[in-house]
Amino acid sequence: MKADLSVRIGSLVLKNPIIPASGCFGYGLEYADTVDLASLGAIAVKGLFLAEREGHPPPRIVETPSGMLNAIGLQGIGVHRFIAEKMPELRRLGAVVIVNICGSSIDEYVELAHILSDVEGVAALELNISCPNIKEGGIQFGCDLGSTRAVVGAVRAATRLPIIPKLTPNVTSVSSFAKAAEDAGADAVSLVNTFLAMVIDIETRRPKLSNVMGGLSGPAIRPIAVRMVYDCARAVRIPIVGMGGIMSARDAIEFIIAGATAVQVGTACFVDPFIWPKLIAGLEDYLERHAIARVADLVGTLQTGRA
Amino acid sequence: MAVPVDVHAEVIANTRLSADYNVLVLGAASIAETAQAGQFVMVRTSSGTDPLLRRPFSVFEVIRHADQQSPYALSILCKRVGVGTARLFDAAVGDRLDCLGPLGQPFTPVAPPVEAWMVAGGVGLAPFATLTDSLRSAGTTLRLFYGGRSHTDLFYLDWFEQRGVALDLSTEDGTRGSRGRVTGPLERALAARPASQKLMLYACGPEPMLKAVAALAHASGRPSQVSTERIMGCGMGGCYSCVVRVRGDDGQAHLVRSCLNGPVFNGDAVVWE
């Protein structure tokens, strides 16, 4: 018998724990020809402000050992065009849509939550309080415990949708931010966003990114991300959506054992846009091999005692 | 346009053209069958995570057995510039490389009496073999302006000549053809043709060359199509890294993804940085 892959994030039940990560999957429709969007647990679409945004000039990415830096600058079409131009097709395709929202003020997060609460097919909101690449918003809410509580609390009061603050690793203690989000009414937390980093061209002595710094993702960060998920899982009772350099089912399982109820996959999809059924099949194989009936039973099962 | 597929392609041949350039023939028949001139593939240069990302390459040739209609392979023209392209330079016959495609918007073809003038700088020759094949079958008059640093950087001249393409060569050191940039012969040729002669300029090469070709075309009242090159993360529209500033139908300039909206753009629409 096939294992039960379903997991619960607040009031939301996902058919499996595999989610393309925000910022790595466009608005989902870019991949509609290469993956059945309805086969995924959910999709986290590219971060949206109220208004359209141009983002940073290129170069926007640079490759690093087993990873990459990005400083896209949250280029996006804004929430209204997203609802009008993308949601009808996403609904038709049966995608479970997690909308990643960004604001330069608490009021903007609240307004986005209000607007999206009435949109059919929006399953949850991921609060981007962790983008390292823009000055005027996002991460300013994610690097201060009081601000994290304030923005999560304000959005909580504005919507009945499940809300999932996405946390930055660029703080001393991610778990204290997870706890702050939980206390303010979050249904789950997702982590980690990228690690602030830079690469220099030594010949020209110039940064390789137009924005000077960018966020490091990919397998290079995976062990740190696993540790942070493990830390957070011990600090909160709400579900954790884990991410950071997952390239295979094995990596996803590692996050789940560390305490993640679901996982997001980003950079790996750049390398292999056909990765999704492989991840799901690999997870099923593992559960069958270990005679685990439900993936939910694997969550947070790290054994730390003497073997 | 065909839905992209990922082929675990065998390296059928690796021909070194110089100390930096090589042509890799990849057994990716399903991509070769549907690729149109100007489209590209994303090639993984390692099976591990370093380098992590794929590299974009124009489809150089679509390769068929002499007696068969459907192709069995495609080739890519590579210039060794970094870790990934060094691996491709050293690839051995029998190796397997993941090849994703076809991707992107192809060139828009022209038909007689419109002549097709192709302008290539260095590795920018890459999209013009398939363009030649597709335009030649319609009987279009073809001309290739092709520039490199030196005579050792010019390749496949026989290939184009055998297909009736008129060549205008240039090298920066003057060792072959005109001395200087590829735009010199182009400018002279444009001036020598009456304004009534309809032309389409197709360009691929360094960005300053594309900008100059688009400007020369515009000044002579001719349209142009330019194939841009950007650092590209995914080739599928997911990462938003490969943007080009392009004027849209609304008259406004927008940063658009060259993997989806390009790599081929109307030369008049690109807002050069």
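Predicted model: local features only at pLDDT ≥ 70, side-chain atom pairs only at ≥ 80, totals over all residues.
**Figure 1**
C78(B) is 62 residues away from R16(B) in sequence. In space, the C-alpha atoms of R16(B) and C78(B) are 9.5 Å apart.

Chain B has six helices and 16 strands. Its radius of gyration is 18 Å, close to the 19 Å that the globule rule gives for 273 residues, so chain B is as compact as a globular protein of that length. Along the principal axes, the C-alpha atoms of chain B fill a box of roughly 55 × 45 × 40 Å. Of the 273 residues in this chain, 50% count as buried. Among the contacts in chain B with a separation of 6 or more, 63% come from residues 24 or more positions apart.

**Figure 1. Close-up of the side of chain A that touches chain B.**
Here 29 residues of chain A are in contact with 22 residues of chain B. On the chain A side, the elements that give two or more residues are strands β5 (61-64) and β6 (67-70) and helix α8 (267-271). By class, the residues on this side of chain A are 16 nonpolar, eight polar and five charged.

G103(A) and L50(A) are separated by 53 residues in sequence, while their C-alpha atoms are 7.8 Å apart in space.

**Figure 2. Close-up of helices α2 and α4 of chain A.**
Helix α2 (residues 106-117) packs against helix α4 (residues 145-158) at an angle of about 30 degrees, and the two axes are 9 Å apart. The helices α2(A) and α4(A) are therefore roughly parallel to each other, a term used for angles under 35 degrees. The crossing of α2(A) past α4(A) is right-handed. From α2(A), the contact includes I106(A), Y109(A), V110(A), A113(A) and H114(A). From α4(A), A150(A), V151(A), A154(A), V155(A) and A158(A) take part. By class, the contact has nine nonpolar residues, one polar residue and no charged residues.

**Figure 3. Close-up of helices α6 and α7 of chain A.**
Helix α6 (residues 222-235) and helix α7 (residues 249-258) pack at an angle of about 25 degrees, with 8 Å between their axes. Helices α6(A) and α7(A) are therefore roughly parallel to each other. In passing α7(A), α6(A) makes a right-handed crossing. In α6(A), the residues that meet α7(A) are R222(A), V226(A), V229(A), Y230(A) and A233(A). Their partners in α7(A) are D251(A), E254(A), F255(A) and A258(A). This contact has six nonpolar, no polar and three charged residues.

How values were computed. Residues numbered from 1 in each chain as written. Chains lettered and ligands numbered in written order. Axes fitted to C-alpha atoms, helices over the stretch in contact; angles between N-to-C directions. Helix = DSSP H or I, 4+ residues; strand = E, 2+ residues; numbered from the N terminus. Parallel < 35°, antiparallel > 145°, perpendicular 65-115°, else oblique. Left-handed = near helix turned anticlockwise from the far one by under 90°. Contact = placed C-beta atoms within 7 Å. Nonpolar A, V, L, I, M, F, W, Y, C, P; charged D, E, K, R; others polar. Rg over C-alpha atoms; globule rule 2.2 N^0.38 Å. Buried ≥ 20, exposed ≤ 12 C-beta atoms within 10 Å, placed from the backbone.
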